Amino acid sequence: MDESSRLPARFEEDRTRLRAVAYRMLGSASEADDAVQETWLRLDRADAGEIENLSGWLTTVIARVCLNMLRTRASRREDPLDTGVHGDGGARVDPEEEAVLADSVGLALLVVLDTLTPAERLAFVLHDMFAVPFEEIAPMLERTPAAARQLASRARRRVKGASPVPDADVARRRRVVEAFLAASRGGDFEALVALLDSDVILRADRAAGPSRAPITLRGARNVAQGASVAAERVRFTQPALIDGSPGLVMAPGGRLFLVLAFTIVDGKVTEIDIIADAERLGGVEVAVLDAP
């Protein structure tokens with residue numbers, strides 16, 4: 001069997017890893033599949049006998065494909081979510097699959113990656129997530145290894161963020177936020193009420209709800225009822241650092257839709273601010289919460 005006849009099988013051995021790289025680079029299952037397909041087409045046209053390290057070659061190619069896709073995007077916010085048909089006639093992307101993919105990577109991470117420049121995203125994803133040396137990343141970006149290292153470091157600072165409150169306080173607030181999320185997902189009304197101060201206030205801007213008017217709710221039972229009504233959205237919601245304090249991000253398809261910022265006093269939620277307005281979201285700093 002010659003080298004060309006073995007290529008499909010060898011490519012399949014790397015397909016899962018290549019799709020993982022592409023998904024983290026692009027934040028879209030359909031675009032990741034397109035990038036994998038383009039990588040295969042380039043391999044099929046290449047002289048396989050000249051490729052010494054196929055896995056490394058494929059990683060370089062798919063990284064460059066993704067980098068080009070990122071650079072040519074007019075606007076992430078104008079891109080439709082993955083509910084359409086592939087340009088090659090493929091099947092619609094399963095929203096459940098998209099949710100599982102986003103959950104496996106982390107919605108907060110996808111949101112933060114979306115704020116990076118293409119070069120920062122490539123350097124961070126390849127080095128920090130797939131252990132590709134900077135010496136191999138640098139040529140993809142037409143930079144020196146030192147410059148590629150700086151790009152990844154800058155991205156890493158954005159991903160990690162910085163909290164103005166002590167770690168112990170972050171941990172306490174996080175437990176309350178995660179309990180709120182769990183109760184919302186489980187439809188546990190009484191558990192929600194128990195987490196809320198009796199005089200809690202929820203404020204949602206005009207972009208957050210169906211009425212296109214700002215919403216204010218007061219009192220634990222009213223706020224809990226409002227959270228129950230929004231339960232369907234919860235599957236696209238995960239904890240994150242919002243301006244340095246634990247909160248929630250809602251990001252269907254890995255694209256930021258709204259954030260819930262919590263004020264927590266003595267273990268009770270006293271205020272919830274729901275921000276969905278695009279201009280306001282642009283001023284919110286989202287970062288990834290470390291594993292507890």
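Visitor: What percentage of the residues in the protein chain is buried?
Guide: This is a predicted model, in which local features need pLDDT of at least 70 and side-chain atom pairs count only at pLDDT 80 or more, while totals for chains, interfaces and linings use all residues. Residues are numbered from 1 along each chain as its sequence is written, and side-chain values use heavy atoms, with hydrogens and water left out. Buried means under 20% relative accessible area, exposed over 50%, and partly exposed in between, with a 1.4 Å probe and protein chains only. Of the 292 residues in the protein chain, the buried share is 47%.

Visitor: Are helix 6 and helix 7 roughly parallel or antiparallel to each other?
Guide: Axes are lines fitted to C-alpha atoms, for helices over the stretch in contact, and angles run from 0 to 180 degrees between N-to-C directions. Angles under 35 degrees count as roughly parallel, over 145 as roughly antiparallel, 65 to 115 as roughly perpendicular and the rest as oblique. The axes of helix 6 and helix 7 (residues 134-141) come within 10 Å and cross at roughly 155°. Helix 6 and helix 7 are therefore roughly antiparallel.

Visitor: How do the residues of the contact of helix 6 with helix 7 divide into nonpolar, polar and charged?
Guide: Contact means heavy atoms within 4.5 Å; on the helix 6 side A119, L122, A123, L126 and H127 take part, and they meet F134, I137, M140 and L141 in helix 7. Ala, Val, Leu, Ile, Met, Phe, Trp, Tyr, Cys and Pro count as nonpolar, Asp, Glu, Lys and Arg as charged, and the others, Gly among them, as polar. For the contact of helix 6 with helix 7, the division is eight nonpolar, one polar and no charged.

Visitor: At roughly what angle do the axes of helix 7 and helix 8 cross?
Guide: In this pair, F134, E135, I137, A138 and L141 of helix 7 meet P145, A148, R149, L151 and A152 of helix 8. Helix 7 and helix 8 are roughly perpendicular to each other. Their axes come within 8 Å, and the crossing angle is roughly 95°.

Visitor: What is the relative accessible area of A131?
Guide: Most residues other than glycine have a negative phi. A131, although not a glycine, has a positive phi of about 55°. A131 sits in the loop between helix 6 and helix 7, and is exposed, its relative accessible area being 63%.

Visitor: What separates the C-alpha atoms of V176 and G267?
Guide: V176 lies in helix 9 (residues 167-186) and is buried at 10% relative accessibility. Leaving aside neighbours within four places in sequence, V176 is in contact with L195, I264, G267 and V269. V176 and G267 are 91 residues apart along the chain, and their C-alpha atoms are separated by 6.8 Å.

Note on methods
Helices (H or I, at least four residues) and strands (E, at least two) are DSSP runs, numbered from the N terminus.
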